[in-house]
Amino acid sequence: MSFDLSFVVLQLLNGLTNAMFIFLIASGLSIIFGVLGVLNFAHGSLYMLGAYATYQCVSLFVDSPGQFWWAVIAASVAVALLGGIIERLLLRRLYHQEELNQLLLTYALVLVLGDLARFIWGVDQLSVSRPAVLRGAVEILGQYFPKYNVFILFLGPCVAFLFWFFMLRTRWGRMVRAAALDRETLGALGVNVDRLFTVVFMIGSWFGALGGALVAPVITIRPGMDVEIIINAFIVVVIGGLGSFWGTFLGALIVGPVYALGILVFPRLSMIFIYVIMVVVLMTRPWGLLGRPLQR
Amino acid sequence: MSRQNWILIAILVLMGLIPVTGSRYYVFLLTDILIFGLFALSLNLLLGYTGLVSFGHAAYFGIGCYACGLLIKKAGLSFGIAFAATGFFGAAAALIIGFFCVRLTRIYFALLTLAFSQIVWAIVFKWNSLTGGDTGIYDINFPKFLDSRTKYFYFTLAVVSISVLILRKIVNSPFGRILMTIRDNPERTEFIGINVKLFQLLAFIISGFFSAISGGLFAVFNHSIFPDFCYWPVSAEVLIMTILGGMYSFFGPLVGAAVLLYLRMEVTSYTVYWPFILGTILILLLFFFPGGIVGFIENQIKRWRSSK
């Protein structure tokens, strides 16, 4: 094993790229928990459907310029719409029930959506090629780093910033934040909270699907990617704080590099490290590094 | 003896007669049901009786599997000694993990149990030299005195019956009443001078003990063990069994395990899309039968009696 600096730097960059992917996915999970109070196991399934739908759209839009980008947009929007349907038809009816039932409903969706994907796309591994502009690599300290990863490294903070701006400065953003704090009062002020919840769930689903769509060119798309990612997303939102947006960003920035660098030092223990961080955070600050204690 | 006890004895005798029919299929299925029924019952000591949602019970089942399998295959112990030790491995793990988990409540409790179970899974998955990693451990044979599926079925029936008897004694004892009081109102229980965390921890340990017993039974029944047995979807599946049967009745989880495993056996012979069907059943259950199967039947009986 070599430990020269350029190699470590490259591994760090890889870890940060993964952090950006997981941030996109986990931010959707976090906002859904923050506003709706539902821990959504099916979020991993929406991520998986985002990846599959991107594969599908890329093959549909073949020969058109910018096919990958159109595919990403179409796939993530389609999954967001599916999220809206799920919220309206199913999840909505369980808000007044105990947490266990909501948890189990979202797990039922994991089973149903997972099989739906298997039914439509089969069990083979699928792949999406990178968009033409982002093929190839840049040289960093004598090592090659894919251009696509550079793009993701820039995109992650941009999305984070835009979303933060949306939450802070727009009317919808204010309503979402208000709903997270006190949904009854918001309703009494004349806001249609039901519709707001649907929109929030769609935004959350869109983030999950966007993560899946953008990760499609760098992984193989296959059944089982849903149950793997969801635990990682849970870890990130728990570390950062359930419902805390910047907490999710911080959580991703911790988990991605720790995993990537940990694998260099202790290849076998890297995965365990991350779970241990989750346990330690839950023990010492159950509401996460940047979250606030739950008052409900 | 009460009427319920007579019914239970009759069911036990009927189950004991199943091998006489000569159906290997039913012997296999019933052994499976008994094992997972015990697993679900032990989860329900926490869920239905103490009001704690554990999303990491795969850990104790998996520890049971690996404790039993490794003691036989790696330590070369006889089945009897290995199996007898299995429960204590589960209880010890539950003591350590539960010690931390009972400090948290509700969703945080569920997340912490999940995190710990994933640690157990990661250790099993990565510790190749001991556990065989992803390939698991094979050729865990039936011991000499239980060298057929039928004999192993009787052994399972005996172990599960004794365990069920003990669990039933526990929930009907003053200790069990305290657990239910904690479930209904932890704050008030604290006010009357009961150490809530201690009782939650004790329930956690007992639950871990019996989950590991079911894991040990399963390791030998299945002849092989894999890290997947500790992976989080197993925790979800046993939760489904429990609420399918009904978490507010003692035998509910056993009924849930029976129905789920029977359906899985039937459905998978027609289609590979069993998860889709299970997911659909679960959704219907949550919307239309929130009390589970046993809860639904009890309600129907009540209505029928009151209409008479």
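# Briefing on a predicted two-chain model

Helix H4 (residues 99–121) of chain A has 23 residues, and its first and last C-alpha atoms are 33 Å apart, close to the 33 Å expected at 1.5 Å a residue. That expected span is 1.5 Å times one less than the number of residues in the helix. Helices (H or I, at least four residues) and strands (E, at least two) are DSSP runs, numbered from the N terminus. This is a predicted model, in which local features need pLDDT of at least 70 and side-chain atom pairs count only at pLDDT 80 or more, while totals for chains, interfaces and linings use all residues. Residues are numbered from 1 along each chain as its sequence is written, and chains are lettered from A and ligands numbered from 1 in the order in which they are written.

**Chain A overall**

- Chain A has 11 helices and 2 strands, arranged along the sequence as α-α-α-α-β-β-α-α-α-α-α-α-α.
- The radius of gyration of chain A is 19 Å, close to the 19 Å that the globule rule gives for 296 residues, so chain A is as compact as a globular protein of that length. The radius is taken over C-alpha atoms, and the globule rule is 2.2 Å times the number of residues to the power 0.38.
- The C-alpha trace of chain A spans about 60 × 50 × 35 Å along its principal axes.
- Of the 296 residues of chain A, 47% count as buried. A residue is buried if 20 or more other C-beta atoms lie within 10 Å of its own, exposed if 12 or fewer, and partly exposed in between, with C-beta atoms placed from the backbone.
- Among contacts in chain A with a separation of 6 or more, 76% join residues 24 or more positions apart. Two residues are in contact if their C-beta atoms, placed from the backbone, lie within 7 Å.

**Local features of chain A**

- Phe7(A) lies in helix H1 (residues 5–36) of chain A. Phe7(A) counts as partly exposed because it has 15 C-beta neighbours inside 10 Å.
- Phe7(A) and Ala51(A) are separated by 44 residues in sequence and by 30 Å in space, C-alpha to C-alpha.
- Strand E1 (residues 137–140) and strand E2 (residues 143–146) of chain A pair in the antiparallel sense over 4 bridges. Pairing requires that DSSP finds at least two bridges between the strands.
- Ala137(A) has Pro146(A) in E2(A) as its bridge partner.
- The hairpin of E1(A) and E2(A) has 2 residues between the strands, and Leu141(A) in this hairpin takes a positive phi near 50°.

**Chain B overall**

- Chain B has 14 helices and 0 strands.
- The radius of gyration of chain B is 19 Å, close to the 19 Å that the globule rule gives for 308 residues, so chain B is as compact as a globular protein of that length.
- The C-alpha trace of chain B spans about 55 × 45 × 40 Å along its principal axes.
- Of the 308 residues of chain B, 47% count as buried.
- Among contacts in chain B with a separation of 6 or more, 79% join residues 24 or more positions apart.

**Helix H2 of chain B**

- Helix H2 (residues 24–50) of chain B has 27 residues and should span 39 Å at 1.5 Å a residue; its end C-alpha atoms are 38 Å apart, which agrees.
- H2(B) bends by about 45° at Asn44(B). The bend is the angle between axes fitted to the seven residues ending at a residue and the seven starting there.
- H2(B) is mostly covered, with 21 of its 27 residues buried.
- Gly51(B) follows H2(B) and has a positive phi, near 75°.

- Most residues other than glycine have a negative phi.
- Arg106(B) is not a glycine, yet has a positive phi of about 50°. Arg106(B) is in helix H5 of chain B and is partly exposed, with 16 other C-beta atoms within 10 Å.
- His223(B), also not a glycine, has a positive phi of about 65°. His223(B) sits in the loop between helix H10 (196–222) and H11 of chain B and is partly exposed, with 13 other C-beta atoms within 10 Å.

**Contact between the chains**

- The contact takes 31 residues from chain B and 31 residues from chain A.
- On the side of chain B that touches chain A, the elements giving two or more residues are helix H5 (106–126), helix H11 (232–245) and helix H13 (274–288) of chain B.
- H5(B) gives the most to this side, with 12 residues.
- The residues on this side of chain B divide into 26 nonpolar, 3 polar and 2 charged. Ala, Val, Leu, Ile, Met, Phe, Trp, Tyr, Cys and Pro count as nonpolar, Asp, Glu, Lys and Arg as charged, and the others, Gly among them, as polar.
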